[in-house]
Amino acid sequence: MNVSSDTEAMGVQVREGTVHLRDGRRLAYVESGDLSGLPVFFIHGNPGSRHMRHPDDRLTHALGVRLITPDRPGYGLSDYQPGRTLLDFPDDLEQLANTLRIGRFALFGVSAGGPYVAASAWKLGERITRAALVSGAAPLARPGAMAGVNRDYRNAYTMAAWPEWLLHPLMAMHDRQVRANPARALAGLRSQASADDRAVLADPRIAAQVQGWRYEATRKGVAGMRREAHILAQPWNVPLEEIRTEVDLWYWEGDSIVPTQMGRYLANRIPRAVPRFFPGGGHFSIFSHWTDILTPLVQQGS
């Protein structure tokens with residue numbers, strides 16, 4: 001079953017919907033851009049939600065992209081999935097595509113969404129026309145995984161390996177602080193960001209977008225985010241060498257959350273990787289390069 005509603009954002013149609021998966025869970029999603037265009041599934045970061053995208057939907061529409069962004073299990077309106085693994089998500093994505101009557105599609109993800117792109121590109125094979133990892137995390141359970149990571153995120157990645165029962169109350173306390181004062185949380189994020197990221201986040205539209213998707217992420221609590229931390233700290237069990245589609249790898253030297261060494265690790269293992277490494281920038285460079293990232297995904301699918 002598919003339930004949806006339409007709204008307008010900056011003169012462009014935006015559609016919200018939910019589907020019920022085979023196991024009875026609800027999966028929520030947002031469609032934006034050109035709703036009759038080429039389908040591109042966007043996999044949000046952590047924390048993130050179905051509202052994560054560039055705030056100017058006209059950019060997406062101008063490229064003829066039908067952008068579909070699902071909430072992962074436990075985020076936003078999507079039901080929590082106990083014990084989920086990285087390789088469970090491609091099945092959810094495939095069911096969503098089937099419900100929307102989409103055959104082949106492009107795929108891209110940012111930050112913690114990157115591992116899900118890799119898993120889906122491998123598991124869904126020929127259904128993926130092209131993929132992109134944007135500041136996408138590489139496996140953390142490997143030597144050298146923390147090289148270039150700033151202190152706060154080094155601590156966060158280390159804590160992700162803790163037992164979930166121990167991690168939960170700490171994440172819940174932090175989430176309460178963020179939800180109580182989103183503006184202060186954003187100011188804290190800006191204070192640790194690169195100069196390029198600070199410039200991006202100075203745009204009030206982008207700042208509002210970031211606060212919105214972050215607030216929505218934990219609508220139902222931190223269980224989804226907690227499970228995701230556990231997933232990212234474990235071995236992926238994804239044979240990167242068997243991914244057959246072209247995969248764009250977008251990374252910036254100014255990013256100390258997901259440094260370029262993570263992209264180079266993936267570039268050395270994905271056979272048809274297309275490395276795109278840039279000086280400067282930061283973890284939010286996805287906004288300033290939005291059109292650049294989407295363009296090859298559209299060209300491959302046309």
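A polar contact here is a pair of N or O atoms within 3.5 Å, where one must be able to donate a hydrogen and the other to accept it. Keep that in mind for the first close-up; the model shown is a predicted one.

**View 1. E228 and its polar partners.** The side chains of E228 and R84 are joined by a polar contact of 3.0 Å. Y75 takes part too: its side chain makes a polar contact with that of E228, at 3.4 Å. You'll find E228 in helix α9, which covers residues 223–233. With a relative accessible area of 0%, E228 counts as buried, because the cut-off for that is under 20%. Leaving aside residues up to four places away in sequence, E228 also touches others, including N46, R72, A112 and Y116.

**View 2. A stacked pair of rings, F42 and F108.** The model has eleven aromatic pairs. In this one, the ring centres of F42 and F108 are 4.5 Å apart and the planes sit at 25°, so the pair is stacked. The pair links distant parts of the chain, 66 residues apart: F42 belongs to strand β4 (residues 38–43) and F108 to strand β6 (residues 105–110). F42 is buried, at 0% relative accessible area, and F108 is buried at 0% as well.

**View 3. Arginines over tyrosine rings.** R269 has its charged end over the ring of Y265, 3.7 Å from the centre. Elsewhere, R179 lies over the face of Y215, 3.9 Å from the ring centre.

View 4. An unreviewed UniProt entry places "domain: AB hydrolase-1" at residues 39–288. This span is 43% helix and 14% strand, and its end C-alpha atoms lie 22 Å apart.

Methods: Residues are numbered from 1 along each chain as its sequence is written. This is a predicted model: local features need pLDDT of at least 70, side-chain atom pairs count only at pLDDT 80 or more; totals for chains, interfaces and linings use all residues. Side-chain values use heavy atoms; hydrogens and water are left out. Helices (H or I, at least four residues) and strands (E, at least two) are DSSP runs, numbered from the N terminus. Buried means under 20% relative accessible area, exposed over 50%, partly exposed in between (1.4 Å probe, protein chains only). Contact means heavy atoms within 4.5 Å. UniProt positions are given in the numbering used here, feature names are shortened, and annotations may be inferred rather than shown by experiment. Rings of Phe, Tyr and Trp (its six-membered ring) pair if their centres lie within 6.5 Å; planes under 30 degrees apart count as stacked, over 60 as edge-to-face and the rest as tilted. A charge sits over a ring if NZ of Lys or CZ of Arg is within 6 Å of the ring centre and within 35 degrees of the ring normal.
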